[in-house]
Amino acid sequence: EIPENLRVLAAALARPHPQSLAAVSQMLQSAKLNVVIEGLRLVAQMEFQGKGSAIAKLLSHPSSAVRLEALRATASIKTDEAKTTISKSLDDPDAEIRAVALEAALAFDHDWAGRTLARIMADPKFAARSAEEQQKVCAAAAMTGATQVLAQFGYVLQRKSGLFSKKEIN
């Protein structure tokens, strides 16, 4: 829980000027997770050069809570750098982060999301994910309507021609 006085301080720091950027940068390097997360929330509200790279650095943080907040902050940035960050998060070891990255990819750009999800589905490691996650990724990919995804689905259906045939089991 963040104390109220820290929230007031955080709101004051959100006004971009060199001193607030330095203070927020220190917050992002803190050993205290709640301070890092609050710093990420501030960065998300601020507009400054290098915002995306400041957030992207925290996607390799050992704490999944920090990585999740970094991903949420990235989702609001519509740059190529944000695409790279979201793409990396789709391969995160934490399933919750991958789920948020999937939502962020769909909200970002359907064509790019379709190509990215097609790449993930073609990766042999995709089969190791849970059936529920595979279903979500496939559904999201289909929602993009990307040609590459539809071609991939067509290929799978041709290879698995008996997929929809019904047999009576006694």
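Mentor: Let's start with a word we'll need: two residues are in contact when they have heavy atoms within 4.5 Å. Keep in mind that this is a predicted model. In this chain, 55% of the contacts with a separation of 6 or more join residues 24 or more positions apart.

Trainee: How many residues does the chain have, and what share of them count as buried?

Mentor: The chain has 170 residues, and 41% of them count as buried. As for the accessible surface, that comes to about 10300 Å², with 55% belonging to carbon and sulfur atoms.

Trainee: Let's zoom in on one helix. Which residues of α6 are buried?

Mentor: Here's a general idea first: an α-helix has 3.6 residues a turn, so residues three or four places apart point the same way. Now the case here: α6 covers residues 80-89, and its buried residues are A82, K83, T85, I86, S87 and S89.

Trainee: What do those buried residues pack against?

Mentor: They pack against α4 (51-56), α5 (64-75), α7 and α8 (110-122).

Trainee: Let's take α7. How do the axes of α6 and α7 cross?

Mentor: For a helix pair, look at the distance between axes, the angle and the handedness. The axes of α6 and α7 (residues 95-108) come within 8 Å and cross at roughly 145°, and the crossing is left-handed. On the α6 side, A82, K83, I86 and S89 take part, meeting I97, R98, A101, A104, A105 and F108 of α7. Sorted by type, the residues of this contact are seven nonpolar, one polar and two charged.

Trainee: Why does K83 count as buried?

Mentor: Check the cut-off: buried means under 20% relative accessible area. K83 has 18% relative accessibility, so this residue counts as buried. Leaving aside neighbours within four places in sequence, K83 is in contact with F108, D109 and W112. K83 and F108 are 25 residues apart along the chain, with their C-alpha atoms separated by 8.0 Å.

Trainee: Which residues does S89 touch?

Mentor: Not counting residues up to four places away in sequence, S89 touches L59, L71, I97, R98 and A101.

Methods. Residues are numbered from 1 along each chain as its sequence is written. This is a predicted model: local features need pLDDT of at least 70, side-chain atom pairs count only at pLDDT 80 or more; totals for chains, interfaces and linings use all residues. Side-chain values use heavy atoms; hydrogens and water are left out. Helices (H or I, at least four residues) and strands (E, at least two) are DSSP runs, numbered from the N terminus. Buried means under 20% relative accessible area, exposed over 50%, partly exposed in between (1.4 Å probe, protein chains only). Accessible areas come from the Shrake-Rupley method with a 1.4 Å probe; for residues, only the protein chains shown count as cover. Axes are lines fitted to C-alpha atoms, for helices over the stretch in contact, and angles run from 0 to 180 degrees between N-to-C directions. A crossing is left-handed if the near helix is turned anticlockwise from the far one by less than a right angle, and right-handed if clockwise. Ala, Val, Leu, Ile, Met, Phe, Trp, Tyr, Cys and Pro count as nonpolar, Asp, Glu, Lys and Arg as charged, and the others, Gly among them, as polar.
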